[in-house]
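This report describes aromatic ring pairing in a predicted model. The sequence and structure are shown first.

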Amino acid sequence: MIRVPSRQSITSFSNAHQAIAEVDLGEPFLLETYDCYAGQIDAESVLRPDIDMADFNRATGPVKVAGVQAGDWVRIQIEAIDVTSPGVMAVAPGLGILGDNVEQASTRLVSIENGRAWISGDIGVPVEPMVGVIGVAPAGAPVSTECPGTHGGNLDTSLLTAGSAFLAQAKHDGCLVAAGDLHAAQGDGELGGTGIEIGGQIQLRVDRARYQGKLPAVCHRDGMSLLASALDLKDAIAEAFAEAVNLMKIWHELDWSNAYRLTSIVGRAQVSQIVNPLATARLTIPKEWCPGSLFERLDEWAMR
């Protein structure tokens, strides 16, 4: 299996990057990843304001996928996530939605033991590894790995776990996949500006997908979540909802008004993150209302 080391990583998604490796459709590969600080915070005496943010949010890759053409939709299956120990939680003035209340920077190294992440003393939370940054090369200018968008990027969406799949449209032949910024755990919204930032490795596999949408999405055991990012969270929710209504119209052969009614009933508006340059919202459509073809590979994975 092809393995790409974390040192071969990027800080922007761009077609200008040369592929580090090439895989075939359906071929699994491994990406070793830094934490979002590229390993710079290795002691609690190291504070976020003191590190080089030019190395922030590195994504390992890109990997070219042979057989993918510009315009194809791809399903990037997350087959496994393994994290190292410890993780990092850095707090600093201005970080998170209550950042103005933070008087001084501090760092906590979070030990990962027995399936839990130990925040402080005997306070531990379940380890639920997820991918913070994942995407393909965008159509136009390079996009920083700090920013989310229609190509993917810094989505910080807690549903991006092992067993889920990320849907994105390739804008270039080979699509150029990259990923990183693992979290041992993260709450929806990433309200404090941080999850449990951690290094590790991700096993991915890319296939073509039959999909009629325009926005990226996550397919998971409960359904499909459309992802939209905007400066204003309400605008992101509206964009995701509009996409969901259109898809329900197509899938269930409804007129727009009835698709609007149905989606208003069964859709679930949720927040992925509100601390990055753009906020990311998701609109989840339960699995029973989605085409089964979206979940074929996921169901195969679940049966292993």
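## The aromatic cluster

Phe241, Trp256 and Tyr260 are joined into a cluster by ring pairs. Across the whole structure, the search identifies four aromatic pairs. Two of these, both involving Tyr260, are described below.

## Phe241 and Tyr260

The rings of Phe241 and Tyr260 form a tilted pair, with 5.6 Å from centre to centre and 45 degrees between the planes.

## Trp256 and Tyr260

Trp256 and Tyr260 form a stacked pair, with a centre-to-centre distance of 4.6 Å and 20 degrees between the planes. Both residues lie in helix 2, four residues apart, so about one helical turn separates them.

## Accessibility of the cluster residues

Phe241 has a relative accessibility of 23% and is therefore classed as partly exposed; the limit for a buried residue is under 20%. Tyr260, with a relative accessible area of 40%, is also partly exposed. Trp256 is partly exposed at 48% relative accessibility, since the exposed class begins over 50%.

Conventions
Residues are numbered from 1 along each chain as its sequence is written. This is a predicted model: local features need pLDDT of at least 70, side-chain atom pairs count only at pLDDT 80 or more; totals for chains, interfaces and linings use all residues. Side-chain values use heavy atoms; hydrogens and water are left out. Rings of Phe, Tyr and Trp (its six-membered ring) pair if their centres lie within 6.5 Å; planes under 30 degrees apart count as stacked, over 60 as edge-to-face and the rest as tilted. Buried means under 20% relative accessible area, exposed over 50%, partly exposed in between (1.4 Å probe, protein chains only). Helices (H or I, at least four residues) and strands (E, at least two) are DSSP runs, numbered from the N terminus.
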